[in-house]
Amino acid sequence: MKKLLSIATLLAALSGAASAAPYVLPGNMPGNLTPYDIQPVYSVEGLYGIADESAEMDTYGARLRLSLYSDGATNLRHQFSINLAGMWGSEDGTDLFMMPVTAGYDLNMELSDSVMFYISAKAGYCFGDLDVGGDSADASGFTYSVGAGLKFQCSESIYLNVGYEFGRTYFDTSEVDDIYGQHIISVGIGCQF
């Protein structure tokens, strides 16, 4: 009987330890981004703009972008951006500087694990200056562009892009009243933080 009582006590003690509360892993801590959150992306692009009309000048420059990018495991990814570009052109004693400030949207469609096709649209205001033979004129107005291209994912946080855009700027000032169209070729790199 003593043996049976000691075995029952031992089994009762062991079974009590087995019924302890299970360990629960903590969830995502506040402030940590998951792949399904909107991620910030900083990018820089080199631009070359070919004038729509042969009488107008070509431009070149660079664009800085701050984007919010959805990086979830899906075939369609959305990217909203604020863009600031500087573009210069010179031809036959005429100098042009344009600084478009635009808001944009890219729809990224996954073609493979590391390649995406995108279509984009941007709209905003272009600040500019036109210098003809030493006389400076304000060249500012509404601007927009639409385009498409490819993004190549080099790592989890870095991508390269190559694209084409068609853009128009509507100069509407007292000195300049013109519609300036461009075919823009862009090459850039983006880094997700």
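Which residues does Leu-96 touch, not counting residues up to four places away in sequence? I looked up its contacts, a contact being heavy atoms within 4.5 Å. Leu-96 touches Met-57, Thr-59, Met-87, Trp-88, Gly-89, Asp-129, Leu-130 and Tyr-180.

**Entry 1. Basis.** I note that this is a predicted model, in which local features need pLDDT of at least 70 and side-chain atom pairs count only at pLDDT 80 or more, while totals for chains, interfaces and linings use all residues. Residues are numbered from 1 along each chain as its sequence is written, and side-chain values use heavy atoms, with hydrogens and water left out.

**Entry 2. Salt bridges.** I found eight salt bridges in the structure, each a side-chain nitrogen of Lys or Arg within 4 Å of a carboxyl oxygen of Asp or Glu. For Glu-45 and Arg-65, the closest N and O atoms are 3.7 Å apart. Glu-45 lies in strand 1 (residues 38–51) and Arg-65 in strand 2 (residues 59–70), so this pair ties together parts that are 20 residues apart in sequence. I then checked burial, where buried means under 20% relative accessible area, exposed over 50%, and partly exposed in between (1.4 Å probe, protein chains only). Glu-45 is buried at 3% relative accessibility, and Arg-65 is buried at 6%.

Asp-52 and Arg-168 also form a salt bridge, at 3.8 Å from N to O. Asp-52 is in the loop between strand 1 and strand 2 and Arg-168 is in strand 8 (residues 158–172), so the pair ties together parts 116 residues apart in sequence. Asp-52 is partly exposed at 36%, as is Arg-168 at 26%.

For Glu-165 and Arg-63, I read a closest N to O distance of 2.6 Å. Glu-165 in strand 8 and Arg-63 in strand 2 are 102 residues apart, and the pair links distant parts of the chain. Both residues, Glu-165 and Arg-63, are buried. I also traced one network in which salt bridges that share partners join Glu-45, Arg-63, Arg-65, Asp-106, Lys-122, Lys-151 and Glu-165.

Definitions and conventions
Helix = DSSP H or I, 4+ residues; strand = E, 2+ residues; numbered from the N terminus.
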